[in-house]
Amino acid sequence: MQLSSGSKRMDDPRDDAGSIFHVHKVTKIYRMGEVEVHALREVTVDLYQGEFAVLLGASGSGKSTLLNILGGLDRPTSGEVYYRDHDLTRADEEGLTRFRREHVGFVFQFYNLIPSLTALENVALVTEIAEHPIDPVEALDLVGLGNRRDHFPSQLSGGEQQRVAIARAVAKRPDVLLCDEPTGALDYATGKLVLEVLERVNRELGTITAVITHNAAIAGMADRVIRISSGSIVEERVNASKLAPSEISW
Amino acid sequence: MKPTSKILWRDLWHLRGQVLAAALVVACGVATQITMRSAYISLKAAQASYYDNYRFADVFAQLKRAPEGLADDMRALPGVAEVRTRVVADVTLDVPGLTEPASGRLVSIPERQQPMLNDLYLRSGRYIEATHPDEVLISEVFAKANRLDVGSKVGAILNGRWRELTVVGIALSPEYIYEVGQGMLFPDNRRFGVLWMGRDALAAAFSMQGAFNDVSLKLAAQADKAELIARLDQLLLRYGGLSAYGREEQLSNRFLTDELGEIEISSTFIPAIFLAVAVFLIYIVLSRLVVMQRMQIGLLKAFGYGNRSLGLHYLKFALLTVLAGLLPGLLLGLYLGGATTAMYAGYFHFPQMPLLVSPAEIFWAVLINLLAACAGAIAAVRRVAALAPAESMRPEAPANFRAGLMERSGAAQWLPSSLRMIVRNVARRPWKSVLSVLGIGMAVGLMMVARFIFDAVDHMMYVQFNLVQRHDVTVLFHEPRAAGALYEIRRLPGVLRAEPFRAVPVRLRHEHRSKKIEVTGLPADGELHQIVDSKLHIVHPPPQGILLTRKLGQMLGVRAGDQVTLEVLEGERQVREVTVAGLSEELIGIGAYMDASTLASLLGEDNLVSGAYLSVDPAHAEELYGRLKRMPAVSGVAIRGAMIESVDDIINRTFKIVSIIEILFAAVIVGGMVYNSVRIALSERGNELASLRVLGFTQREVVGLLLGEQALLTLCAIPVGMAIGYGMCAALVPAFDRELFRLPLVIGQMAYVYPVITTLIAALLSALLVARRIGQLDLIAVLKTRE
């Protein structure tokens, strides 16, 4: 099934200039046995063209659930999610797969590279199924790993693996890069290196980048910081002066 | 329940699919083992007790005619315990309801029932009475095949006179457990039967009063058989003795013994394959379990559980898996053992053949399989022991891949990423891959062997009945007759062509080897019985010398150009040196051929004929059979169509069921191997595959990646399996290179096609069973978990 286009309504948020993602009154309830868990409660938020957003929250705040819904991995219990004019709420499994394939780049906390493929091949794996990909070699150069392209994941450090994962995510020129605790498994220095790469990708390619983290320091490099607590957005602020990754510390 | 016991049961439940797959392979192996071993034991025991209780003789001899008084001379020979003289005659029978003439072997029995050598077991009816000379007992199979019963009447030509015999009893004899007539190799129970008739009545009919033409002897415990046979031959020489022989050359006994040998071989070899696969499956299931449970193992070790109790835990897992297969395997084996025994009872005729299952056999089956479980568990248990608690609580390091042959050779760049992943996964654990290929290959091989038997028998039948025996009917005369007898035959209705042949019993000697055989004299221009060479080209009987079938040549250790001594066993008993002109290829029986006129001059005869090969117009066959039934000169009639039918019937009854079971069991091996491998691949690479789904790969693409590895292994296994199968078939050929028949190494296309199709279907079905789970991969968990 094709992604259905939503019908125009009076208060259509897509009228807002530059809004790419529109999340409107999204609620997500998980049933854990007998207990209902409200992971998200009527959350409304937009992501704009080219911005670097940080979703900040403690563990269990619902930030991952929001990221999953934005990335087409999960559907809300109620509310609406639009990516441009695609209604993600009503897409079926096949439609969501196509959405992920064409528009979303994921970066995982634990990199999730394919162990049987070299760095270059991990990137090429994604470019093979993309329509207008970046050359895999170029993508690796972008993350500073051009010289490690023939190494297998087991031959790379954690930071290097995460950079390969970023190269893999951006190589297909996604419209949005979703990063779930990208520095969570890395030490301080390596974590900063990875943040620099994310910042560079955002700057050079103009890809919307959404990073979820519990690390408040990272918020310093964001265009916009969205703080989530107990399934609701408790604060949304625009950074007047963005810091470079090298300037932040934790 | 102890906590570790709870863990054990939950592990078994959690891995039930793989446990079941391994258990099924165990079950098939045990079932095959018990089926074959119990059939073997039952058959062997039935044979032993029958021979013993019914006093099967040790030495047999046929002769022309000797006075009864000679029996005392034979009793006086050293080592002889008991002697039974008989009158035996092959006659033509007219069986009600049968168009064709049947052959009957009339064997004399004492008028008054008494214990004797080759004693009879009376299944129904009563023993004959001295006052009724036309009363006979008939063999059970012949009675069944022709629906004869006590009270039935059968026509017979006894020494030229038509007589009506009355069946008063149905009997079995240890001499005819496998009941075939002279010159036949496969039983045709409709057209050949044994009849027992009073000695006086039979002797009177054949003018053999006070004489005998057949003798059986029982030996004393320490008798020297070879010595006795030599002495017996000497004694019988002047009475037209045809050379005595021991049990090992007695047709029924030899066929039974050969069959027993065959079952013994396959009852070791086939279960061994299953056992090997089961060990492998248990090993991979357990090693996977250990990897998945590293944390748990570390935790238990940290709590103070020792290596011994943890090792015991995994050993129990392996033992329970095997036990799960053992019980159904045993039951299935007992059931199939009963069915197989019943099948054997169809052509080996015993008074009773109960299914015997020796407890020792079951004990060994259980023990061997449990030991196999231990072997499979040991490797896994050693890994458990090697884990330090702290180390095992850390997740296992990412799978280690390094540049290999594919990368160094530059082949990698030509392959799509998906294929590269597959090839590298296969290459990363070469031993596991090799074992998977071998396991599936074994199954392919087993299926090939199952099919090969049919191809080989087909080919054997083709050679025998299309190239060699091209005649529709063989007519045998009681006595060699003048060539003029052929004119009489040619005038019979429906006879299109008739060619004479001369068959002379001889003993061929070469160095220390000798063989009793019939040499057949064929006309130089004959078409109805042809000789073929190893390339199946037609060979004409040589103008000089003798042509031997290849097997006979082997048995005598001769090649073309060698001299053999030919001792004629009838008439003037000439002894001549003849040159072996060549070896011919026949797959059924053994034989020797000479040009008819060369043979006649060797014997100093004037072209006598022993019988004729006929080509018959089917439209008049019935009429012809009717006439042949009542021709006094004719002692036997063999019909090609009936022989083919009877062989087909045996093949269908026996090999077909066995093959179907073999193929089913082999499919279980394939299914078990593939299911387990895919299941493990899924659990090892679940995260990798789910990541790909998150990255936008469709379910279909991910399934392709998961199954690709198995597909590659299965595809590799097919040629390997064909090679294994070819090897197994080739290994079977010498085992079947016997005097009675020889299986040619002829493997038809279907023997390759069927196993491939079956393997692919079994592999696909079991793979898809796992592939369904791709849809259930938890994509969200992938973002959070690490393994």
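**Contacts and cores**

Student: What does B:Ile282 touch, leaving aside neighbours within four places in sequence?
Tutor: B:Ile282 is in contact with B:Ala22, B:Ala318, B:Thr321, B:Ala373, B:Gly376 and B:Ala377. Contact means C-beta atoms, placed from the backbone, within 7 Å.

Student: How should I read those names, and where does the model come from?
Tutor: Residues count from 1 along each chain as its sequence is written, and chains are lettered from A, ligands numbered from 1, in the order written. The model is predicted: local features need pLDDT of at least 70, side-chain atom pairs count only at pLDDT 80 or more, and totals for chains, interfaces and linings use all residues.

Student: Which residues touch the most other members of the largest nonpolar core?
Tutor: Among them are B:Ile282, B:Leu286 and A:Ala167, in a core of 181 residues. A core joins buried Ala, Val, Leu, Ile, Met, Phe, Trp, Tyr and Cys through C-beta atoms within 7 Å. Buried means 20 or more other C-beta atoms within 10 Å of a residue's own, again placed from the backbone.

Student: New topic. Why is strand β21 of chain B largely enclosed?
Tutor: Seven of its eight residues (609-616) are buried, so the rest of the structure largely encloses β21(B). Strands are DSSP E runs of at least two residues, numbered from the N terminus.

Student: How many bridges join β12(B) to β21(B)?
Tutor: Five, running antiparallel. Pairing needs at least two DSSP bridges. B:Val475 partners B:Ala612.

Student: And β13(B)?
Tutor: β13(B) pairs with β21(B) over six bridges, also in the antiparallel sense. There, B:Phe501 partners B:Gly611.

Technical notes:
A residue is buried if 20 or more other C-beta atoms lie within 10 Å of its own, exposed if 12 or fewer, and partly exposed in between; C-beta atoms are placed from the backbone. Helices (H or I, at least four residues) and strands (E, at least two) are DSSP runs, numbered from the N terminus. Two residues are in contact if their C-beta atoms, placed from the backbone, lie within 7 Å.
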